Structures are given as C-alpha cells and as structure tokens.
Amino acid sequence: MTRPTGRIPRLPLFPKDSGINAAGHLTIGGCDAHDLAKEFGTPLYVYDEQMLRHQCREFVERFASRYPDSIICYAAKAFLNKAMAKVVMEQGLGLDVVSLGEFAIARSVEFPVERIYFHGNNKLPEELATTIEADIGRVVVDNRQELRLVDSLARDRNKCQDILLRLTPNVDPHTHTFTTTGVLDSKFGFPIGTGQAEEALEEALALRGVSLLGLHFHLGSPIPDTEPYESALAVVLQFAREMKGKYDFDMFELSVGGGFPVAYTVQDEYPHPGVYADAIISTLSNLLLKNSLMPPRLTVEPGRAISARAGVALYTVGTLKEIPGVRRFVCVDGGMSDNIRPPLYGATYEALVANRAAEQDIHTVTVAGKLCESGDILMRDIQLPRVVPGDVLAVPACGAYCIPMSSNYNATPRPAIVFVNRGNARIVRHRETLDDLYRLDIA
Ligand SMILES: Cc1ncc(COP(=O)(O)O)c(C=O)c1O
C-alpha cells in the first residue's frame with residue numbers, strides 16, 4: 001500500500017514509481033529502501049531497472065520517431081557493469097566506450113561489437129589493436145597520431161576500420177569547465193577553426209586502412225538548453241559542405257554526442273529529452289537542405305540522462321555534530337569515495353530519510369561523508385526532518401558518474417550495487433571486501 005506522495009517535492013527526483021509505503025518508508029522499484037539497506041548494507045547503490053529501460057526507450061523513440069535513421073549509443077562512462085551492459089544491449093542501443101576495460105565489460109555479456117564506438121583522446125596502441133582485431137563498430141578518431149595508428153593497425157590485419165572524426169566546433173555549452181569539451185582549448189578532437197579538422201579529413205580519405213564514415217562532436221555535459229547543439233550543428237554542417245566541395249567527402253554519419261541534463265535538486269528544471277530531440281532534428285533537417293547535403297545517420301550519445309535518475313545512493317547516519325550558530329553536521333558512512341561529484345564539480349544533491357520519508361523538514365543540515373578531507377561534503381545546507389544515528393539517507397539521481405568515479409580513498413571498499421525490478425532486488429555487484437583492498441599488494 002503506497003500513500004499519496006504529492007506533498008513530498010523531492011520524490012520526483014527519485015526513479016519513476018518511487019513512493020512511500022504504509023510504514024512511511026521510501027520505496028524504489030517496489031522495494032522498501034530501508035529494508036534494502038538492512039539486507040545489503042550501506043553505502044548501497046540501488047538502480048531501478050524499469051527506469052533504466054524506460055530511459056533507453058525514451059531516447060530511441062524520441063529520436064527515431066522523427067529521424068528513423070538514428071542510433072542511440074549509451075555512454076558507458078556514466079555507469080557500466082555487466083547488468084547495465086545487458087540492459088543497454090537488450091534495449092537495442094549502441095555503446096560508447098573509452099577504454100579497453102569498458103570494452104571488456106561489454107564483451108563479457110556479448111554486447112554486439114558492431115554497435116560499439118571507441119572514444120578517447122589517447123587511446124593506447126594495445127587498446128586500438130584489440131578493438132580493431134575484434135571488429136569494433138567505429139573508432140572515433142581524436143587526433144592525427146591516432147589516425148595513422150588506426151590505419152596501420154588495420155592494414156596490418158588486412159582490415160579497413162570504420163571511423164568518425166571527432167571535431168571541436170568551438171561552441172561553449174556553458175557548463176563546468178571540467179566537463180566542457182567542444183571549445184578550441186580542449187584536449188579532445190580536431191579544431192575546425194585552425195584548419196586541423198580539414199587536414200585530418202583530407203588525410204583520412206587517402207588512407208587505405210580506414211573508411212571515413214562521418215563526423216562527431218560532443219560539446220560537454222550537462223548542457224542546460226538546446227542552443228549549443230544548434231550552434232554546433234551549423235558549424236559542423238558548413239564544414240561538411242565545404243569538405244564535400246573540396247574533397248567530395250560524403251558525411252554518411254553524424255554524431256551530436258551526449259550532454260543531456262537531469263534534475264539533481266527540486267530547483268533544477270531542464271527540458272525533456274524530447275525537446276532536445278526536436279531541436280536537434282529540426283535544426284539538422286534545415287541545415288541539410290541549406291547546405292545541400294544528404295541526410296546522414298544520426299548518432300546520439302546520452303550517458304547521464306539514461307542512468308542518473310535510475311540510481312539512488314543509500315547511506316546510514318552515524319555521527320551528528322552541532323556547532324552552535326554555525327552548522328549542524330549529519331555524517332554518513334560513505335562520501336567522496338563513492339560520490340566525488342560534489343567536491344569535484346560543486347555538484348548539488350538532496351536527500352530523504354528513507355525510513356521516515358513523509359516527515360516534515362525541520363532543520364538545515366550539512367551531510368558530510370566519512371573520508372578524511374574537509375571537502376568531503378555530500379550536501380551543504382539541505383532541509384531534513386529530525387535525523388538520528390541509524391537512519392537511512394536516500395540520495396536521488398546518483399546513477400551516473402558516481403560509482404564509475406569511485407575510489408578506495410582511505411582504503412574504503414566500494415559499495416555494493418543492487419538492481420530492483422517490480423518488487424524484486426538482486427545484487428549485481430558485490431561490496432568490496434577488506435581482502436580486495438590488499439589482494440594485489442606484495443609485502
Ligand atoms: C564523447 C562523449 N559522448 C557522450 C558523453 C556522455 O555525456 P552525458 O553523460 O552528459 O550524456 C560523454 C561524456 O563525457 C562523452 O565524452
């Protein structure tokens with residue numbers, strides 16, 4: 001039995017269909033969050049599998065309904081393990097990987113290799129050799145050195161590798177500098193403005209070991225409105241037209257990257273993915289006409305927008321500390337070792353007390369982690385009801401860029417991960433043990 005939850009404004013930050021049961025506990029994917037914390041321990045990362053699948057479908061439908069020749073490639077860096085790779089595969093998406101590690105996880109569940117795209121600014125020779133050998137779908141080439149390496153590795157194997165060129169259109173998406181990638185001063189891609197993109201394209205067309213299928217850009221993340229995509233499309237399509245005129249280059253594929261935002265707090269209000277789909281597709285269609293170009297296959301690479309809202313972090317409250325007139329700290333049993341985003345990007349979050357989810361907020365608290373850094377603050381000045389040691393805090397929108405960026409700082413074992421699905425919970429990654437912390441050490 002789930003109570004009406006309209007008066008809990010933070011609930012919509014949690015996976016769809018989250019609620020509050022008769023015991024006053026938060027439910028995620030039909031499971032009682034407090035019971036999950038007791039059964040699997042904390043910190044615990046809980047993913048609602050239906051929500052993950054829904055987000056995959058949402059992107060596929062929003063883009064394909066308006067532009068049938070489109071492919072959604074989930075950006076694995078946002079969150080990947082075997083269970084997630086299976087969800088993405090079963091929903092029919094492609095996958096962006098940036099390392100041999102992500103490639104290996106995908107292949108461990110037999111993710112179709114032709115649907116895998118390989119990104120990165122310094123792909124290692126062994127990473128390229130292995131992925132080319134395995135017939136990876138695309139290498140998204142970042143620089144000249146890599147272009148030549150891909151060519152020679154493919155020719156050595158009597159192959160011709162399909163590639164895209166990653167371009168920097170010099171469009172600022174106005175997001176955090178650490179996650180801004182499409183500007184001139186970026187370690188990623190070939191700048192268009194300096195002429196380096198053209199030089200690379202001319203060379204790529206002449207190489208026998210690569211087949212240049214198209215162009216790629218990724219501006220940064222998260223991008224709060226559609227305008228940067230529209231500006232970047234104008235720059236890139238003009239470039240494509242010029243390259244058609246000069247070198248008879250056909251752009252069979254165009255990737256617009258990822259960067260679609262999600263709400264982390266009740267203040268965050270962003271357009272729905274459908275608004276981005278509409279803006280990207282209508283801008284692209286107009287620019288194709290204007291530049292007399294044939295419609296390419298459209299590739300879209302959402303990461304955060306697929307996995308963030310599906311994931312909830314559960315922590316147990318320990319120390320409570322009040323500095324009168326200054327601050328009230330609520331300390332939890334995880335922190336920057338499982339979620340580095342607040343200290344790294346100044347990211348903001350909110351929380352509910354999972355075992356008293358409908359209670360009124362009564363005070364302003366700062367939620368601190370247990371790591372030995374003053375900067376290990378998960379949430380500053382948030383509103384919570386009365387909190388006592390042993391309570392379980394549930395932090396929404398933790399499904400992207402938390403676990404993948406986690407560390408063993410302070411010799412902290414990484415959390416377990418559970419997938420919940422219509423009332424059932426299954427562990428998809430075990431909690432690291434103390435043994436895991438020194439298993440590779442030699443005394
Ligand atoms: C090339 C590329 N594509 C897609 C993404 C995914 O971005 P987001 O998770 O914001 O959608 C990234 C993230 O850094 C990226 O580098």
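Ala, Val, Leu, Ile, Met, Phe, Trp, Tyr, Cys and Pro count here as nonpolar, Asp, Glu, Lys and Arg as charged, and the others, Gly among them, as polar. The model is predicted: local features need pLDDT of at least 70, side-chain atom pairs count only at pLDDT 80 or more, and totals for chains, interfaces and linings use all residues. Residues are numbered from 1 along each chain as its sequence is written.

Start at the ligand. Its shell has 6 nonpolar, 7 polar and 4 charged residues. That shell holds 17 residues, and Ala75, Ser221, Gly258, Gly303 and Arg304 are the closest. (A residue counts if its C-beta atom, placed from the backbone, lies within 6 Å of the molecule.)

Next, select strand β5, residues 70–75. Strands (E, at least two residues) and helices (H or I, at least four) are DSSP runs, numbered from the N terminus. In β5, 6 of 6 residues are buried (20 or more other C-beta atoms within 10 Å of the residue's own, C-beta atoms being placed from the backbone). Ser70, Ile72 and Tyr74 point one way; Ile71, Cys73 and Ala75 point the other. In a regular strand the side chains alternate between the two faces of the sheet.

Strands pair if DSSP finds at least two bridges between them. Strand β13 (residues 297–300) is parallel to β5, over 3 bridges. Isoleucine 72 has valine 300 as its bridge partner there. Strand β6 (residues 94–97) also runs parallel to β5, joined by 3 bridges. Tyrosine 74 has leucine 95 as its bridge partner in β6.

Finish on helix α2, residues 49–64. Its buried residues are Glu49, Met51, Leu52, Gln55, Cys56, Phe59, Arg62 and Phe63.

Technical notes:
Buried ≥ 20, exposed ≤ 12 C-beta atoms within 10 Å, placed from the backbone. Expected span 1.5 Å × (residues − 1).
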